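This report walks through one protein chain for a reader who has not seen it before. The sequence and structure come next, followed by a description in plain terms.

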Amino acid sequence: MLWFETTKRLLRSWFTSIPFFVLLSLALGAAIAIPLIPKPVIVTIPISGTILDQAYVDDILDLLQDARDDNNIKAVVLRIDSPGGGVSATEQIYLDVLRVREQKPVVTSIGTIAASGGYYVAVASNFIYAEPTSQIGSIGAVVSLPESERLDE
C-alpha cells in the first residue's frame with residue numbers, strides 16, 4: 001500500500017507540474033524567438049524645397065532606387081514639403097516613385113505644402129496623407145505665349 005501511495009503522489013506532482021513546465025517552455029521560446037524575428041523596415045525619404053537642382057534630384061532618385069532594390073525594405077514613406085519645381089526634374093522623381101510602387105507600397109505624408117510638382121510626385125504613391133493645414137495645389141503648368149508680330153504691308 002505504501003508503494004501505491006508514493007506512486008500516486010508522484011503522478012499527482014508530475015501532472016500538476018506539467019502546466020508549469022509548458023508555460024515555462026512557451027515563455028522561454030518566446031523570449032528566444034521574438035528577437036530573432038526580422039522586423040519590417042520602412043524608409044522615409046524627405047522631399048522638401050523647390051525641386052530644381054539636378055544634384056538634389058539625383059540624391060532622391062538614388063534613395064528611391066536603394067529602397068526599390070533592398071528586399072529588407074517593405075515600404076517607402078515620402079515626406080513632401082515642396083512648392084514644386086522644374087518639370088523634367090519633378091517628372092524624374094514621379095516616374096521613379098511609380099517604379100518603386102510596382103514592388104512595394106509607397107505612402108506620401110504632406111507637411112506644410114505640396115503644390116504643383118510636389119503634388120505631382122505625391123500622386124504617384126498608393127496613399128496620400130495630409131495635415132488639415134497643408135496647402136495642396138494642383139499640378140500646374142507654366143505657359144508662355146510668343147509675342148504677336150505685326151504684319152506690315
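S116 lies in the loop between β3 and α4. Phi of this serine is near 50 degrees, a positive value in a residue other than glycine. Most residues other than glycine have a negative phi. The model described here is a predicted one.

**The chain as a whole**

The chain has four helices and five strands. Followed along the sequence, these elements give the pattern α-β-α-β-α-β-α-β-β. Of the 153 residues, 25% count as buried. The chain exposes about 10900 Å², and carbon and sulfur atoms supply 63% of that area. Taking contacts between residues at least 6 apart in sequence, 68% join residues at least 24 apart.

**The nonpolar core**

The largest nonpolar core has 24 residues. Within this core, the residues with the most contacts are I47, L64, L78, I93 and V97. Six elements each supply at least two residues of the core: the strands β1 (41–48), β2 (73–82) and β3 (106–114), and the helices α2 (54–69), α3 (87–103) and α4 (117–122).

Leaving aside neighbours within four places in sequence, L78 is in contact with I45, I47, L64, V97, V106, V107, T108, S109 and V121.

**Helices α2 and α3**

How do the axes of α2 and α3 cross? They come within 10 Å and cross at roughly 5 degrees. Angles under 35 degrees count as roughly parallel, so α2 is roughly parallel to α3. By class, the contact of the two helices has eight nonpolar, four polar and three charged residues. On the α2 side, the residues are Q54, V57, I60, L61, L64, Q65 and R68. They meet A89, Q92, I93, D96, V97, R99, V100 and Q103 in α3.

**Two residues, I60 and V43**

I60 is placed in helix α2, whereas V43 lies in strand β1. Is each of them buried or partly exposed? I60 has 2% relative accessibility and therefore counts as buried. V43 has 24% relative accessibility and therefore counts as partly exposed.

Each has a C-alpha atom pairing with a residue elsewhere along the chain, as the table shows.

| C-alpha pair | Separation along the chain | C-alpha distance |
|---|---|---|
| I60 and I45 | 15 residues | 7.5 Å |
| V43 and V77 | 34 residues | 6.1 Å |

I60 is in contact with I45, I47 and I93. Of these, I47 and I93 are among the residues with the most contacts inside the largest nonpolar core. V43 touches A67, I73, A75, V76 and V77.

Methods:
Residues are numbered from 1 along each chain as its sequence is written. This is a predicted model: local features need pLDDT of at least 70, side-chain atom pairs count only at pLDDT 80 or more; totals for chains, interfaces and linings use all residues. Side-chain values use heavy atoms; hydrogens and water are left out. A nonpolar core is a set of buried Ala, Val, Leu, Ile, Met, Phe, Trp, Tyr and Cys residues joined through side-chain atoms within 4.5 Å. Buried means under 20% relative accessible area, exposed over 50%, partly exposed in between (1.4 Å probe, protein chains only). Contact means heavy atoms within 4.5 Å. Accessible areas come from the Shrake-Rupley method with a 1.4 Å probe; for residues, only the protein chains shown count as cover. Axes are lines fitted to C-alpha atoms, for helices over the stretch in contact, and angles run from 0 to 180 degrees between N-to-C directions. Angles under 35 degrees count as roughly parallel, over 145 as roughly antiparallel, 65 to 115 as roughly perpendicular and the rest as oblique. Ala, Val, Leu, Ile, Met, Phe, Trp, Tyr, Cys and Pro count as nonpolar, Asp, Glu, Lys and Arg as charged, and the others, Gly among them, as polar.
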